[in-house]
Amino acid sequence: VPGTVAVFKVGKRLECLYYKGSDNNLSFSISSVVKNIELEQLAKKYIIPQDQNSFRSEVIEKAKLGLPINTNFRFLKSDKARHTYFDWMYLTATKIRTEDGCPVYYAIMTAPPEDNMFYRQIVEDSLTAAIIMERQTGNILFSNQSFRNIFNLKAQNSLAGTSIKKLLSDRVVSELKRQAFLMNEKVLREENLVTDEGRYLLVKGKRLSWNGIDACLLYMLDQTYLQKRNDSLIKLLDDIPGGIGLYELTAKHINQLYLNKGYFRMLEVTNEELDDYNSLDYERIIHPDDVQMLLQTAKKLHQGQKSLDLTFRILNFKQKYLWVRLIGKVSNLAKDKRVIYCSFVDVDMQMKNQLDLDKEQAVLHLAMKVAKMSSWEFDLQTKTVTQFLNSKLQHGYGTKIEDVPESLIAQGVIDAKSVNTYRGLFKKMKPGQRPLTGDVYSRNASGKGFWWERIVMIPIFDHNGKHIRSIGISLDISEQKALENRYQQQIDIFN
């Protein structure tokens with residue numbers, strides 16, 4: 001057998017019962033060290049500080065339990081000039097019997113392979129905490145330095161054989177044991193854990209057999225910085241006025257992933273009512289007249305539409321409908337995953353004002369229609385008339401008429417005897433002047449005849465007193481002019 005073969009009796013002191021082999025294979029004299037020495041003294045005196053915890057865990061604690069030992073560590077040694085340095089030892093040992101109540105081990109000691117030392121250092125120095133824990137008792141079988149750092153455990157203390165109940169709070173112990181019992185040997189399970197010190201840990205683990213013991217391997221990645229950064233971003237989103245939402249677009253469904261607090265403030269939803277809220281419950285919270293519009297939009301999104309812009313009514317928790325504008329954009333996070341980023345804006349006041357204005361305009365339009373009146377707006381700088389609906393019906397032409405009054409005069413819309421009056425209505429005015437008024441004989445909307453209209457031009461000035469626009473009001477006075485003509489004819493006949 002290459003290396004050294006030995007039989008040790010492991011009690012309070014380590015007693016060497018048999019020893020055979022070449023110390024030269026290990027570059028130091030094992031026989032002179034381990035003939036009769038206390039195990040803790042052996043660890044402190046001959047194992048380098050970086051490996052002492054591992055030695056206690058993998059050798060001393062396992063020996064007390066009679067478990068197989070299979071590990072490597074670094075031995076301190078001195079040369080003839082008394083220069084201290086270290087060599088690696090790979091130790092594999094198996095219990096062969098019990099003597100005087102103490103386990104007796106058969107051991108083989110060799111220089112370890114380089115890759116063995118390399119991987120061990122990776123585990124020990126890893127930033128990811130690692131622990132092997134007995135599932136039934138919660139006893140620690142192995143832990144690396146990062147595990148100690150995360151839970152603020154003293155580096156010099158051995159954790160092997162120690163119950164996590166002695167090291168961690170009842171809450172953390174309960175959570176770790178719960179996670180341990182949910183793990184199996186095939187799947188690496190992933191969960192989250194918050195320590196008593198406020199660290200956010202991502203815990204991954206699986207069940208395994210550790211030297212015949214039913215155990216679990218847990219990896220713990222400290223994500224405190226990421227979590228706090230995420231919390232800051234969420235707080236920023238929550239403080240935004242209005243709603244922010246994130247939805248997943250699947251082949252058949254739209255799933256809600258996130259809604260900020262601004263959305264719930266907008267709908268007057270309290271924290272106690274959040275659990276009962278579902279923004280996709282169309283039949284309950286969307287106004288019946290708007291449901292079909294949302295369903296049609298959802299259908300278009302599934303067919304590939306990339307954006308949406310909707311205004312609809314949604315029921316708040318005061319049982320009142322609120323007008324909301326929803327603007328969204330579809331984004332591909334991955335090949336098979338699409339999400340919709342949405343913003344919700346409270347437009348209730350604007351929509352209600354607009355509806356009231358529409359009603360007022362409808363009433364005004366009806367009144368003007370009955371009174372045979374119409375209105376438009378004239379921009380003095382661009383010489384453009386913008387017609388309102390009643391004016392379009394009464395005069396014809398489109399919404400915009402350019403180069404007024406000259407374009408209408410050139411087209412023969414204005415009768416020759418009314419041209420000067422018509423031009424005078426569009427001249428600039430000064431503050432304090434009365435509105436301009438004139439009777440104009442012009443072509444009607446059908447273009448087949450003429451009619452009389454009385455035009456009133458009301459000036460609008462800017463803050464400097466400059467005349468910038470005019471509101472034109474037209475009254476159909478054709479019947480009045482016809483009566484005047486008949487009266488005039490009767491007067492002429494009488495005279």
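Which residue, with a positive phi, follows α2? Gly66 follows α2, and its phi is near 75°. The legends below describe close-up views of a predicted model, in which local features need pLDDT of at least 70, side-chain atom pairs count only at pLDDT 80 or more, and totals for chains, interfaces and linings use all residues. Residues are numbered from 1 along each chain as its sequence is written, and side-chain values use heavy atoms, with hydrogens and water left out.

**View 1. The chain as a whole.**
The chain has 14 helices and 22 strands. Helices (H or I, at least four residues) and strands (E, at least two) are DSSP runs, numbered from the N terminus. Of the 495 residues of the chain, 41% count as buried. Buried means under 20% relative accessible area, exposed means over 50%, and partly exposed lies in between, for a 1.4 Å probe and protein chains only. Among contacts in the chain with a separation of 6 or more, 42% come from residues 24 or more positions apart. Contact means heavy atoms within 4.5 Å.

Helix α2 covers residues 49-65. Its 17 residues should span 24 Å at 1.5 Å a residue, and its end C-alpha atoms are 24 Å apart, which agrees. The expected span of a helix is 1.5 Å times one less than its number of residues. A kink of about 40° in α2 is centred on Phe55. The bend at a residue is the angle between axes fitted to the seven residues ending there and the seven starting there. Of the 17 residues of α2, 13 are buried, and the helix is mostly covered.

**View 2. The buried side of helix α5.**
Helix α5 (residues 170-182) has 13 residues and reaches 18 Å from its first C-alpha to its last, close to the 18 Å expected. Val172, Val173, Leu176, Lys177, Gln179 and Ala180 are buried in α5. Why do they lie on the same side of α5? They cover an arc of only 160° around the axis, which puts them on the same side of the helix. The arc is that of the directions from the helix axis to the C-beta atoms. An α-helix has 3.6 residues a turn, so residues three or four places apart point the same way. The cover over the buried residues of α5 includes the strands β7 (129-134), β9 (189-194), β10 (200-210) and β11 (213-222).

**View 3. Cys342 in strand β16.**
Cys342 is placed in strand β16 (residues 337-346). Cys342 is buried, with a relative accessible area of 8%. Beyond its neighbours within four places in sequence, Cys342 is in contact with Gly243, Ile244, Gly245, Tyr247, Leu326, Ile327 and Gly328. Tyr247 is 95 residues from Cys342 in sequence, and the two are 8.0 Å apart in space, C-alpha to C-alpha.

Six strands form an open sheet in the order β19-β18-β17-β22-β21-β20, with antiparallel pairing. The edge strands, β19 (400-401) and β20 (436-443), each pair on one side only. Two strands pair if DSSP finds at least two bridges between them. Strands β17 (residues 373-379) and β18 (residues 384-387) are antiparallel and share four bridges. Phe378 has Val385 of β18 as its bridge partner. Helix α14 (residues 478-494) lies across β20, β21 (450-461) and β22 (467-476), and runs at about 125° to β21. Axes are lines fitted to C-alpha atoms, for helices over the stretch in contact, and angles run from 0 to 180 degrees between N-to-C directions.

**View 4. Lys481 in helix α14.**
Is Lys481, with a relative accessible area of 17%, buried or exposed? Lys481 is buried, and its place is in helix α14. Apart from neighbours within four places in sequence, Lys481 is in contact with Asp439 and Trp452. The C-alpha atoms of Lys481 and Glu453 are separated by 9.4 Å, and the two residues are 28 residues apart along the chain.

Most residues other than glycine have a negative phi, and most peptide bonds are trans. Lys383 lies in the loop between β17 and β18, and its phi is positive, near 55°. Lys383 counts as partly exposed at 36% relative accessibility. Tyr397, in the loop between α11 (389-395) and β19, has a positive phi of about 70°. Tyr397 counts as partly exposed at 41% relative accessibility. The peptide bond from Val404 to Pro405 is cis, with omega near 15°. Pro405 is found in the loop between β19 and α12 (406-410).
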